[in-house]
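Good morning. I will go through one structure, going from ring pairs to a salt bridge and then to the pockets. Please look at it before I start.

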Amino acid sequence: MQEMLMNLLQAVLVAATPIVTAYIVKLLNAKAEEAKEAMNNELASKYITEAKDAISTAVLFVEQKFTEELKESGNFSAANQIEALKMALFEARSLMSVEAKRFLEEVYGDLDNYLKSKIEAEVKLLK
């Protein structure tokens with residue numbers, strides 16, 4: 001009788017092992033995916049914040065060093081506006097890390113278009 005119970009228990013364990021293993025593998029994969037998603041969200045947030053800070057700094061820099069003087073003297077023109085945008089774009093790019101630039105290019109495509117639109121929005125907020 002005891003031998004028969006041991007054989008039955010062994011059969012149940014042999015049958016249950018693949019099911020339990022599959023469940024554990026699924027659970028581990030789900031946890032790994034959650035961790036990956038959390039890491040991606042943290043990196044995305046970090047790089048977007050870095051870009052936002054770089055853009056704000058660049059716009060304020062150009063405003064103080066270039067456009068403010070031209071506006072005060074009455075010499076601010078459309079050509080100066082284009083030059084100010086180029087300066088802000090250069091400053092923003094120089095303030096950002098290579099990783100942030102690479103991330104934004106992957107997510108948004110053309111980095112310059114992304115930065116230009118954000119710079120223009122930042123300028124509008126300053127007005």
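Let us begin with Tyr 114, which is buried, with a relative accessible area of 10%. Buried means under 20% relative accessible area, exposed means over 50%, and partly exposed is in between, with a 1.4 Å probe and protein chains only.

Before going on, a word on the source. This is a predicted model, where local features need pLDDT of at least 70, side-chain atom pairs count only at pLDDT 80 or more, and totals for chains, interfaces and linings use all residues. Residues are numbered from 1 along each chain as its sequence is written, and side-chain values use heavy atoms, with hydrogens and water left out.

Now the aromatic rings. How many aromatic pairs does a search of the whole structure find? It finds two. Rings of Phe, Tyr and Trp (its six-membered ring) pair if their centres lie within 6.5 Å; planes under 30 degrees apart count as stacked, over 60 as edge-to-face, and the rest as tilted.

Tyr 47 sits in helix H1 and Phe 103 in helix H3 (residues 98-108), so to speak of distance, the two are 56 residues apart and the pair links distant parts of the chain. Helices here are DSSP runs of H or I with at least four residues, strands are runs of E with at least two, and both are numbered from the N terminus. Both Tyr 47 and Phe 103 are buried.

Tyr 108 is partly exposed, at 42% relative accessible area.

Stay with H3 for a moment. Its buried residues are Ala 100, Phe 103 and Leu 104. They cover an arc of only 95 degrees around the axis, which puts them on the same side of H3; the arc is that of the directions from the helix axis to the C-beta atoms. Just after H3, Gly 109 takes a positive phi of about 90 degrees.

Next, charge. Side chains of opposite charge can pair when their charged atoms come close. The structure holds one salt bridge, meaning a side-chain nitrogen of Lys or Arg within 4 Å of a carboxyl oxygen of Asp or Glu. Arg 93 forms it with Asp 112, and the closest N and O atoms are 3.0 Å apart. Arg 93 lies in helix H2 (residues 78-95) and Asp 112 in helix H4 (residues 111-126), so the bridge ties together parts 19 residues apart in sequence. Arg 93 counts as partly exposed at 28% relative accessibility, and Asp 112 does too, at 27%.

Last, the pockets. On a 1 Å grid over the protein atoms alone, a pocket is an open set of points with protein on both sides within 12 Å along at least five of seven lines, and lining residues have an atom within 4 Å of a point. The largest pocket has a volume of about 340 Å³, volume being the space filled by probe spheres set on the points. Which helix gives the most to its lining? H1 does, with five residues.

The second largest pocket holds about 180 Å³. Its lining includes Tyr 114 again, along with Ile 48 and Lys 118.

Methods:
1 Å grid on protein atoms, 1.4 Å probe; cavity = no way out; pocket = protein on both sides within 12 Å on 5 of 7 lines; lining within 4 Å.
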